[in-house]
Amino acid sequence: SDVCSSDLFIDLFAGIGGMRLAFESAGGCCVYSNEWNKYSQQTYYANFGVQPDGDITKVQAESIPDHDILVAGFPCQPFSLAGKRKGTEDDRYLWPAMLDIIRIVRPRWIVAENVLGIVNWSQGMVFEQVCADLEAEGYEVQSFVIPACGVGAPHQRYRVWFVAHHAAAYGSN
């Protein structure tokens with residue numbers, strides 16, 4: 001984008017833009033967004049004046065603008081305590097689609113979020129797979145469990161954060 005000079009990021013599984021708000025408040029500039037839910041897309045558009053791309057499995061990763069940071073709240077429904085708890089058998093298990101994009105766009109940083117249930121799903125295998133997949137792509141990965149109340153929200157709602165860095169990634173920086 002012509003108004004962006006540094007800290008370019010993309011916003012995958014953007015919802016209504018919570019991660020975008022956080023990254024923009026820290027000086028980042030969003031150059032691409034993706035969200036499949038039409039109501040979330042409408043709200044995102046109302047909030048930011050940008051229409052996110054739709055189905056992530058149909059995104060042409062090569063067309064995503066250069067960026068330094070990939071932020072994503074990849075779908076948590078497969079691992080949430082609420083719902084059917086289908087895990088990797090759920091059609092909303094989209095980590096593989098996100099990894100496909102990572103392999104092509106090669107951001108220097110990845111900040112991804114999911115529910116606490118991903119840690120123990122299938123004896124921890126899904127959590128370990130996310131970390132192993134990123135490490136196999138050359139990223140150093142650190143995970144954190146942070147409750148919403150830890151950042152001022154009036155409830156616990158624990159979330160798992162994956163922060164990954166690739167010193168040799170060949171994104172824009």
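1. Glu137 counts as buried, at 18% relative accessibility, where buried means under 20% relative accessible area, exposed means over 50%, and partly exposed lies in between (1.4 Å probe, protein chains only). Its salt-bridge partner is Arg106, with the closest N and O atoms 3.3 Å apart; a salt bridge here is a side-chain nitrogen of Lys or Arg within 4 Å of a carboxyl oxygen of Asp or Glu. This pair links distant parts of the chain, 31 residues apart, since Glu137 sits in the loop between α5 (125-136) and β5 (140-147) and Arg106 in the loop between α3 and β4 (109-115). Arg106 is likewise assigned as buried, at 9% relative accessibility.

2. A word on the basis of these values: the model is predicted, so that local features need pLDDT of at least 70 and side-chain atom pairs count only at pLDDT 80 or more, while totals for chains, interfaces and linings use all residues. Residues are numbered from 1 along each chain as its sequence is written, and side-chain values use heavy atoms, with hydrogens and water left out.

3. Asp100 and Arg103 form a salt bridge whose closest N and O atoms are 3.7 Å apart. Both residues belong to helix α3 (residues 95-105), where they are 3 residues apart, about one turn of the helix; helices (H or I, at least four residues) and strands (E, at least two) are DSSP runs, numbered from the N terminus. Asp100 counts as partly exposed at 44% relative accessibility, and Arg103 counts as partly exposed at 38%. Glu137 and Arg106, described above, form a salt bridge of their own.

4. By the rule given above, the count comes to 6 salt bridges. One of them joins Asp55 to Lys58, with the closest N and O atoms 3.2 Å apart. Asp55 is partly exposed, at 34% relative accessibility, whereas Lys58 is exposed, with a relative accessible area of 61%.

5. The largest nonpolar core has 34 residues, and those with the most contacts inside it are Leu12, Leu70, Phe74, Met98, Ile101 and Ile110; such a core is a set of buried Ala, Val, Leu, Ile, Met, Phe, Trp, Tyr and Cys residues joined through side-chain atoms within 4.5 Å. At least two of its residues come from each of β1 (8-12), β2 (29-33), β3 (69-72), α3, β4, α5 and β6 (158-165), and α3 gives the largest share, 7 residues.

6. Which residues does Ile101 contact, leaving aside its neighbours within four places in sequence? They are Leu12, Ile56, Val59, Ala61, Ile64, Leu70 and Arg106, contact meaning heavy atoms within 4.5 Å. A second, separate core of 10 residues includes Met19, Ile69, Val71 and Val111.

7. A search of the whole structure finds 3 aromatic pairs; rings of Phe, Tyr and Trp (its six-membered ring) pair if their centres lie within 6.5 Å, and planes under 30 degrees apart count as stacked, over 60 as edge-to-face and the rest as tilted. Among them is the tilted pair of Phe9 and Phe23, 5.4 Å centre to centre with 45° between the planes. This pair links distant parts of the chain, with Phe9 in strand β1 and Phe23 in helix α1 (residues 18-25), 14 residues apart. Phe9 and Phe23 are both buried.

8. The rings of Tyr44 and Phe48 have centres 4.8 Å apart and planes at 50°, so this pair is tilted. Tyr44 and Phe48 both lie in helix α2 (residues 38-48), 4 residues apart, about one turn of the helix, and both are buried.
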